[in-house]
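Subject: Structure handover

Dear colleague,

Please find the structure below.

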Amino acid sequence: MKLSDFDFELPENLIATRPAVPRSSARLLVADGDTIHDQRVTDLVNWLRPGDLLVLNDTKVIPARLFGTRARTSAQGDTTAKIEVTLLEPRADGTWSALVKPLKKVKQGEVVQFSDALSATLEGTSDGQGHLLFNLVGDDFDAALAQAGAMPLPPYIAAKRAADAQDTVDYQTIWAAKNGAVAAPTASLHFDAALIDALTARGVLTTHVTLHVGAGTFLPVKVDDVTTHKMHAEWGQVSAAAAADIAAAKARKARVIPVGTTALRLIETMARDVGIAPWEGETDIFIYPGFTFGVTDGLMTNFHLPKSTLMMLVSALVGQDRVRRIYDHAVGTGYRFFSYGDASLLLP
């Protein structure tokens, strides 16, 4: 398989920079067998059956983008530099891995001040990333970060506009519970309380798992032979309750449908490692055509970047030829793409 096998032409005007309002009014492409149906997300109630289990990722996006100042006194006098930081993940030594721009403007041991309450010391660097030790921990850190930070919008949105206060609502799922993601599980952004109520009345069940989505989700594939690509590891957990819900769905021959590729990657990691049972750890699972799915019976997901690992994942689930037809239809009929865009329901 070559990287070019997962490429397609995407008009710039189809990249969404704001979500549909309300969330559940977004368009929904339903691929059922070889048939494509143009629907709305609110129509999920017509496509899901009583007893179906939706697997939802309850990670919470932290306001990981910070803008600060480094001050320095030298023989030439006092100087300052503006520093932009995107937090990536906490490290075992108590520091945070972060993208620091420009990293060359900060020396080891220097402090970057983000607000009156929040600052961080550069403890070291590796692989082009900085290791930042913050002056606060726990709830105090969370509160100061909420005040100083901005939502880490994906690069293709951030290139078009800056994050604002509306993104703190828009770029977070309504069931977000566990801090740790620096990117949203975007298929879940289409759900609001009214849709959940309608699905519950229909008899559709839900369960929650946690995968803290990292910035690696946006890293480009740089190898031509896609099978040699190495995924960035992300921490996840399938609780005993979630594993029991999945096992019960399988026992009653109901469909298990993850909402989003993050939930899918997590439950397939679980299935490979331990079967249907509680699981916790880091996953770097890479799903591409030829993958054997252990628990997934369908997928709700947004429309993905050309030549991305997510295009490879959906191709593995429904077939490369079918994905080409789906994406040709989506582009041709004006579906909105990427994190704030429209959704698809893929039923193998």
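Two strands are said to pair if DSSP finds at least two bridges between them. Helices (H or I, at least four residues) and strands (E, at least two) are DSSP runs, numbered from the N terminus. This is a predicted model, in which local features need pLDDT of at least 70 and side-chain atom pairs count only at pLDDT 80 or more, while totals for chains, interfaces and linings use all residues. Residues are numbered from 1 along each chain as its sequence is written, and side-chain values use heavy atoms, with hydrogens and water left out.

The sheet: β1 (residues 27-32) is antiparallel to β2, with 6 bridges. D32 has T35 of β2 as its bridge partner. Both strands belong to an open, mixed sheet of 4 strands, ordered β2-β1-β17-β16. β2 (35-40) and β16 (299-302) are the edge strands; each has a single partner strand, so one side of each has no neighbour in the sheet. From one strand to the next the twist averages 25 degrees.

The helices: α8 (residues 309-318) lies across β16 and β17 (343-347), at about 150 degrees to β16. Angles run from 0 to 180 degrees between N-to-C directions, and axes are lines fitted to C-alpha atoms, for helices over the stretch in contact; contact means heavy atoms within 4.5 Å. α9 (residues 320-332) lies across β1, β2, β16 and β17, at about 150 degrees to β1.

α8 and α9 pack at about 115 degrees, their axes 7 Å apart. M311, V314, S315 and V318 of α8 meet Q320, R322, V323, I326 and Y327 of α9 in this contact.

Regards
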